[in-house]
Amino acid sequence: MVSRVRVWLNRTYAENVFFMDQLRRNPSDRAVEIHATHGDPDSPVLAAADTAELEPENLSPAGYVEYALDQCGRRGIDVFVPRLHQAAIVAHRAEFEAAGTAVLAPPPEAVAVFHDKVIAYEAVQAIGVPVPPWYRVRSEDELVAAVEELESGGYKACFKPASGAGGVGFRVITRTSFSLMHLSGFPSPYVPLDLVLEALRQAEEPVDWLVMPRLEQPEVSVDCLTGPDNRVRLAVGRTKNGRRRGFTLHEQWLDPARRIAEGFGLHYLSNIQFRMFGDRPVLMDVNTRPAGGLHQLSLCGVNAPWAAVQLALGEDPGEVVPPFLGQDYTVVSGPRPLRPVSLPQQRPETTEPLPAVPAPPSAEPVDSVGAAAQVLPL
C-alpha cells in the first residue's frame, strides 16, 4: 500500500489554498495530508489544512530554521514548501534531509542570485537574456540622475526595492504636483517626484531601489518546473493584459525562462516574469518559489504542485506538457471559509495538532477579499 504524503506550507499566500486543493486532487490518487503554519490566525490556508499552527513571531532566520526542523520531525513532514526564510532553510537542506524531509526549493546559490535584483539582472544578462535599462539608487542625487536619464529617452521612470517579492514598493514617478487629483478615486501607484525627494531627505536610512523605465503589457509569467538535474520538465506562460488573462507556449517567452531556470538551477517550482520594452520581451523579475497564480494552469489540464511534489520525492513525472491551452479568463474574488474562532482561543495550552475545520454554513464568517481569487472564462 502506498503511504500518504505529508506536505507543509509555511506562512504562504492566501491563494495557495488552491495549491493545497490540487495536491489533494492529484492524478496519482495518492493520499495527501497538509500541514500549514502562519502568523495570521485568520489566514485561509490554516482553515484549508489538515493540521495547523500559529508561527512564533520575531524569530531570527537561524531560530526559524530550528523551529522548522522541529516541525518536520514532530509532524512527520515528507515535503516542505518554504516561503518565509527560504534562503536560511535551503542553506540547511542536509539537516532537513537527515530528518526525512525534502525541501521543495532551489539550492542556496540560486536563491541568493535572485534575492537581489541587481545581481539577478547582471547574471541573466551574462547568459544572453535581455533586461531593461536599470539604475541602482541609494540617494536623492542618484534618483534625480536616473529619472532624468530615463525621461530624456522618452520613458516614464518607476522604482521598486532592489530586494523584495511581488509588487511591494513599486511606484511610478510623475512630475505632476500633488493635488486633489491624487486624492480622488482609488490609490494610485503614481507619486510626484518632489514628494519622493522630500521623503529621501527626511529618511534616517538610505534606500536601495532599482529605477527603470515603466515596462509595457502584456506581462507574461512563466511557471517552470525544474528537476535537481537542472532540466526543465514544465514551462507554461500565463499572460496578463489588463483584466484579460490567458496562456502561451510561444518561445519568445519560454526560451529565456528555460535558460534562466536551467542555467541557475531553479529546482522545483519557479516563476519568471517578462514585460515588453519597445518591441521585445525583457526580464522583469524571478521568483524562486511557486507563484500565487500557479493553480491557474489547471485550466490547461496541468497539476504543477503535484508534479513538483513527485520530483521532491524522487518520483520523476517526466516532461509535463499541457494537453491543451485554456481559454482566456479573468480573476475575481470569492468567499473562502475561515476557522470559526481565531487559533489562539482554540489552542490555549495544547500541543496536539489542530484538526481541519470543514467549510462552515453560509452564516459563518468567511474571507472574501483575496483568499479565493477564482478564475472565470472570458
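Author: L9, T12, Y13, N16, F19, V81, P82, R83, R289 and P290 line the largest cavity. A cavity is a set of points on a 1 Å grid over the protein atoms alone where a 1.4 Å probe fits but cannot get out, and lining residues have an atom within 4 Å of a point. This is a predicted model, where local features need pLDDT of at least 70, side-chain atom pairs count only at pLDDT 80 or more, and totals for chains, interfaces and linings use all residues. Residues are numbered from 1 along each chain as its sequence is written, and side-chain values use heavy atoms, without hydrogens and water.

Reader: How much space lies in the largest cavity?
Author: A volume is the space filled by probe spheres set on the grid points, which are joined across faces, edges and corners. For the largest cavity that space is about 70 Å³.

Reader: Which residues lie nearest the centre of the second largest pocket?
Author: A pocket is an open set of points with protein on both sides within 12 Å along at least five of seven lines. The second largest pocket has a volume of about 380 Å³. Its lining has 17 residues, and those nearest the centre are Q86, H115, G164, A165 and T288.

Reader: Is L195 buried, partly exposed or exposed?
Author: Buried means under 20% relative accessible area, exposed over 50%, and partly exposed in between (1.4 Å probe, protein chains only). L195 has 43% relative accessibility, so it counts as partly exposed.
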